[in-house]
Amino acid sequence: MRILVIGDSITRGTQGVGYVPRLARGHPQWQLENAGVNGEPLQSIGRRLLQRLAAAPTAYDAVVCEAGYNDLLLPTFAERGFWFRQALGQMRRQGHEPLADAAAFEQAYAQLLTAARALSPVPVVLATLGCLGENLTGGLNAPRRAYNAAIRRVAARHGCLLADAEAAFDAALPAPPPAVEFQSSFVGLAFADKLLCALGRADALSRQRGLHLTIDGGHLNSRGAELFAQAVEAPLLTLAAQRQLA
């Protein structure tokens, strides 16, 4: 089965631990193409998806689309200090504009799927968002639920399968939440964490910060990557069985 996995840094997997390599190890017969790009919000991911489908409408047996983390995260950069504001400005100058709210996100996702279906008959799997901070009662996890509800509605209306990372993460994160919510510095987010992850230190970083599924509240550690891979695997196995694909 030829599968395009498109998304942001969660899919790219260089910040933290990647879930796509876990899918590949579990299913060596699958041809997985990782098209994750760090920092991108939905509309940027969507443009790349449409370009690929326009260029090769029958190149894939399935598409997995993971998007939405940066639509929630990027606007918070405006309140997190000088370098975060500079990064936000640079992203916007490059055309990476986060959507304003869950309603705009839902509308844009629906438009993307309509455009994708016009280009290609390939089945699409939509992934919900795992967590944004490991305290599920605060921070960005309340708006995350609204965005995930939008993803579920769009998937149902457009006949997409669902990779339910939200359900897996919400069930796995312990209660009560951590006493202090970890928040990465700009240097950590942009440089240090990526270097440590490249050196195989993602899980050590997670333990040091008292985290369970992530290295920084969003990017995955090994356990988080395993949960995300399982969430994506389930609809792909359903699709493979329906279409009698390996």
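This report walks through the sheet, the helices around it and the nonpolar cores of a predicted model.

## About the model

Because the model is predicted, local features need pLDDT of at least 70 and side-chain atom pairs count only at pLDDT 80 or more, while totals for chains, interfaces and linings use all residues. Residues are numbered from 1 along each chain as its sequence is written, and side-chain values use heavy atoms, with hydrogens and water left out.

## The sheet

Let's start with the strands. Helices (H or I, at least four residues) and strands (E, at least two) are DSSP runs, numbered from the N terminus. Five strands make up an open sheet with parallel pairing, in the order E2-E1-E3-E4-E5; two strands pair if DSSP finds at least two bridges between them. At the edges are strand E2 (31-36) and strand E5 (161-163), each of which pairs on one side only. From one strand to the next, the twist averages 20°. Such angles run from 0 to 180 degrees between N-to-C directions, and the axes are lines fitted to C-alpha atoms, for helices over the stretch in contact.

Now for the individual pairings. E1 and E3 run parallel and are joined by four bridges, with Ile3 standing opposite Ala62 in E3. E3 also pairs with E4 in the parallel sense, again over four bridges. Here Cys65 has Leu126 of E4 as its bridge partner, and Glu66 has Ala127 of E4. E4 (residues 124-127) and E5 pair in the parallel sense over three bridges, and Val125 has Leu161 of E5 as its partner.

## Covered strands

In a regular strand, side chains alternate between the two faces of the sheet. E3 has five of its five residues buried, where buried means under 20% relative accessible area, exposed means over 50%, and partly exposed lies in between (1.4 Å probe, protein chains only). Ala62, Val64 and Glu66 lie on one side of E3, Val63 and Cys65 on the other, and both faces are covered.

Helix H7 (residues 141-157) lies across E4 and E5, and runs at about 165° to E4. Helix H11 (residues 222-243) packs on the sheet as well, touching strand E1 (2-7), strand E3 (62-66), E4 and E5, with its direction at about 160° to that of E5. Contact here means heavy atoms within 4.5 Å.

Thr238 belongs to H11 and is partly exposed, with a relative accessible area of 35%. Its C-alpha atom is separated by 11 Å from that of Ala62, 176 residues apart along the chain.

## The nonpolar cores

A nonpolar core is a set of buried Ala, Val, Leu, Ile, Met, Phe, Trp, Tyr and Cys residues joined through side-chain atoms within 4.5 Å. The largest one has 67 residues, of which Tyr19, Tyr109, Leu126, Phe228 and Leu236 touch the most other members. H11 gives the most to this core, with nine residues.

Tyr19 deserves a look of its own. Leaving aside neighbours within four places in sequence, Tyr19 is in contact with Val5, Ile10, Thr11, Glu66, Leu220, Ala225, Phe228, Ala229 and Val232.

Helix H9 (residues 186-198) has 13 residues and reaches 18 Å from its first C-alpha to its last. That is close to the 18 Å expected at 1.5 Å a residue, the expected span being 1.5 Å times one less than the number of residues. H9 has a kink of about 45° centred on Ala192, a bend being the angle between axes fitted to the seven residues ending at a residue and the seven starting there. Gly188, Asp193 and Cys197 of H9 are buried, and the buried residues of this helix pack against helix H10 (202-208). After H9 comes Gly200, whose phi is positive, near 80°.

Arg52 sits in helix H3 (residues 42-55) and is partly exposed, with a relative accessible area of 27%. Beyond neighbours within four places in sequence, Arg52 is in contact with Leu4, Glu33, Ala35 and Tyr60. Arg52 and Leu119 are 67 residues apart in sequence and 9.7 Å apart in space, C-alpha to C-alpha.
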